[in-house]
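Keep the viewer open and try each task before you look at the solution.

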Amino acid sequence: MAILNNNSYQRRIALSVTALGYFFSALATLTMHARICRGVMMQNSKSLNIFQHFTSSPSTGNLFFVNPWPPTYLKSQNMMRTETRLGSSMLDVPFPRQKQLVPQSLGNYNCRGLHIGRWNTCLSAEESDALDVHEEKMLNIQGGLLGPREQRSGADYHNQMQREAFDNAVNFFSSKQAVPRAVVPRLEKISSSVTVEKGQYVLDVGCGTGALLPFLAKNTGVYGEDKLVGLDLSSGMVGIARERNPNSGFFTGDFMDFKSIGDAEFSATATVVDVSASENEADTVATNPEVGAIFFNAVFGNLWDQPAALAHCCELLPTGGNVVISHPMGSTFVKMLKKKDNRLVPHLLPTQEQLEAMVANLPLEIKSFEGKDGVKDLYLAVLQRVPVSPLTKLLCLRGKVAHGYGRGSRKLGIPTANLPESNFLTSALGDVPAGVYCGWALVEQNGNGAHKGPFKAVVNIGFSPTFEGKENPEKIVEAHLVHDFEEDFYDKQMRLVLVGFKRFEKKFSSFPELLANIRQDVKDCSEALDCEQFKSIQDISFLTKDDIDSHEQLVFIDINK
């Protein structure tokens with residue numbers, strides 16, 4: 001009996017020692033896991049920074065991960081709940097042999113910016129989880145807004161789908177779920193990206209229920225909420241935005257149909273400058289209220305024609321005005337929306353190179369760009385309206401100066417030399433966008449006389465739409481030469497080299513407004529031609545050689561070749 005009791009006692013001792021061994025082994029393993037999870041940031045683009053149990057392969061430098069830990073442990077360690085993303089299967093993930101430690105100053109934050117499926121900022125677990133939930137809700141909401149596909153296309157049908165889809169989503173976008181707390185700092189940053197001058201207006205294109213408007217009122221420097229205008233196709237969205245921002249103006253319709261602040265509807269207490277004058281009041285200079293900034297927040301991928309929208313911005317903005325293209329959830333999220341239903345989101349957010357191509361021939365300059373493709377982070381591009389944008393190809397024209405309609409000298413006090421489209425042997429002028437250009441002009445002399453010029457030239461190509469009922473019957477090149485001539489030069493041959501683009505031709509609401517814009521065009525173009533980039537083009541052979549062949553009446557020259 002004693003022997004049995006002694007054996008039993010020894011077995012108990014052995015079991016206790018074994019249990020203690022397991023306990024300390026497990027404790028050491030947990031400690032090691034916690035240190036690794038808190039301290040290691042993976043450098044490979046396919047790496048994961050949330051892991052527990054691992055074994056290494058000396059030959060490949062790979063780590064093999066499994067996730068044996070319950071969600072409560074992961075949450076307590078401020079780590080993402082990987083069981084919802086990875087399951088419990090073993091993963092083969094390339095891992096660098098040289099490990100980089102996360103800075104200790106991050107405290108309880110996870111820096112998860114090196115993986116395409118993670119937010120590219122250091123957020124708390126609560127914030128990153130909130131963004132994940134918000135992302136999933138947004139994808140589900142927008143993925144089910146449209147019905148079966150129809151064999152229809154075009155801008156009108158696209159706008160109709162957008163209108164119907166977001167009318168159906170008003171309840172979600174007007175709820176608190178539409179703007180989680182983790183998104184608020186991003187909206188603050190977006191709205192703080194530009195400021196406007198006193199008296200200028202700010203447009204929020206695709207304003208939805210007005211989530212960005214309070215941030216714009218606080219951060220853009222506008223003098224009052226009545227200097228904010230929200231635009232949206234959805235009347236349901238605009239209705240909610242108007243309730244929440246009663247002092248702001250609103251426009252329900254396509255951005256491309258918005259021509260001036262006068263198109264917006266304001267409350268009875270708001271006042272907008274009314275511009276109306278006859279063409280005889282040429283000395284009274286009046287302009288429409290200026291738009292200082294145009295925001296495309298979380299909407300640029302939904303537009304039917306992105307380049308056309310940017311071109312329209314140039315018509316609305318003065319020199320120095322800004323365009324802001326942004327999305328608080330980033331370009332990767334827009335890519336997911338497009339994949340979900342490309343009828344609702346037909347385009348991706350452009351990369352910096354793509355955006356540069358879009359504005360190559362527009363008077364817009366990229367001031368800043370933030371939004372790396374392939375990571376979930378804020379997308380923010382800021383563009384600024386410049387006086388003149390260099391053309392990618394020079395437009396060279398030669399023709400006989402024709403008599404015009406007397407508008408330049410008699411009504412405007414700005415004489416022009418005119419080249420009608422019918423003067424040219426080709427129809428290439430028809431493909432040149434109507435608008436204001438700048439360049440250099442030379443007037444040929446008959447016989448052995450020396451050619452006059454080159455002179456600075458401010459040129460309008462178009463139909464003069466402001467003179468309603470008296471528009472040009474054909475497209476005309478109207479060149480104002482910045483030089484005092486003692487005599488006219490009708491029927492003389494004139495050469496023009498256009499080097500820069502100022503703005504698109506537009507119909508102004510009054511004659512004084514037209515006159516004010518023409519005077520500004522002359523000033524801006526004359527100053528732009530003083531820069532070396534444009535000044536050096538005076539020496540091209542089209543302007544310097546004595547004789548011009550007939551086939552050189554209208555040619556394009558690529559100055560980069």
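Two strands pair if DSSP finds at least two bridges between them. Helices (H or I, at least four residues) and strands (E, at least two) are DSSP runs, numbered from the N terminus. The model is predicted: local features need pLDDT of at least 70, side-chain atom pairs count only at pLDDT 80 or more, and totals for chains, interfaces and linings use all residues. Residues are numbered from 1 along each chain as its sequence is written, and side-chain values use heavy atoms, with hydrogens and water left out.

**Exercise 1. Find the partners of β17 and say how many bridges join β17 to each.**

Step 1: Look at β18. β17 and β18 pair in the antiparallel sense, with eight bridges. In this pairing G435 is opposite I461 of β18.

Step 2: Look at β20. Nine bridges join β17 to β20, and these two run antiparallel. Here L442 is opposite R495 of β20.

Step 3: Check the cover. Buried means under 20% relative accessible area, exposed over 50%, and partly exposed in between (1.4 Å probe, protein chains only). Nine of the nine residues of β17 are buried.

**Exercise 2. Work out the order of the strands in the open sheet, and which strands stand at its edges.**

Step 1: Recall the background. Strands of a sheet pair through backbone hydrogen bonds, either parallel or antiparallel.

Step 2: Read off the order. Seven strands form the open sheet as β16-β19-β18-β17-β20-β15-β21, with antiparallel pairing.

Step 3: Find the edges. β16 (417-420) and β21 (554-557) each have a single partner strand, so one side of each has no neighbour in the sheet. On average, neighbouring strands of this sheet are turned by 30° against each other, direction ignored. (Axes are lines fitted to C-alpha atoms, for helices over the stretch in contact, and angles run from 0 to 180 degrees between N-to-C directions.)

Step 4: β16 pairs with β19 (residues 476-481) in the antiparallel sense over four bridges, and A417 is opposite A479 in β19.

Step 5: α14 (residues 511-528) lies across β17, β18, β19 and β20, at about 105° to β20.

**Exercise 3. Decide how the rings of Y437 and F501 are arranged.**

Step 1: Set the rule. Rings of Phe, Tyr and Trp (its six-membered ring) pair if their centres lie within 6.5 Å; planes under 30 degrees apart count as stacked, over 60 as edge-to-face and the rest as tilted. The count by this rule is eleven aromatic pairs.

Step 2: Apply the rule. The ring centres of Y437 and F501 are 5.2 Å apart and the planes are at 70°, so the pair is edge-to-face.

Step 3: Place the residues. Y437 is in β17 and F501 in β20, 64 residues apart, and the pair links distant parts of the chain. Both Y437 and F501 are buried.

**Exercise 4. Is H327 buried or exposed, and which residues does H327 touch?**

Step 1: Locate H327 in strand β12 (residues 322-327).

Step 2: Check the area. H327 has a relative accessible area of 7%, so H327 is buried.

Step 3: List the contacts (heavy atoms within 4.5 Å). Not counting residues up to four places away in sequence, H327 touches N297, A298, F333, V334, L349, D377, L378 and Y379.
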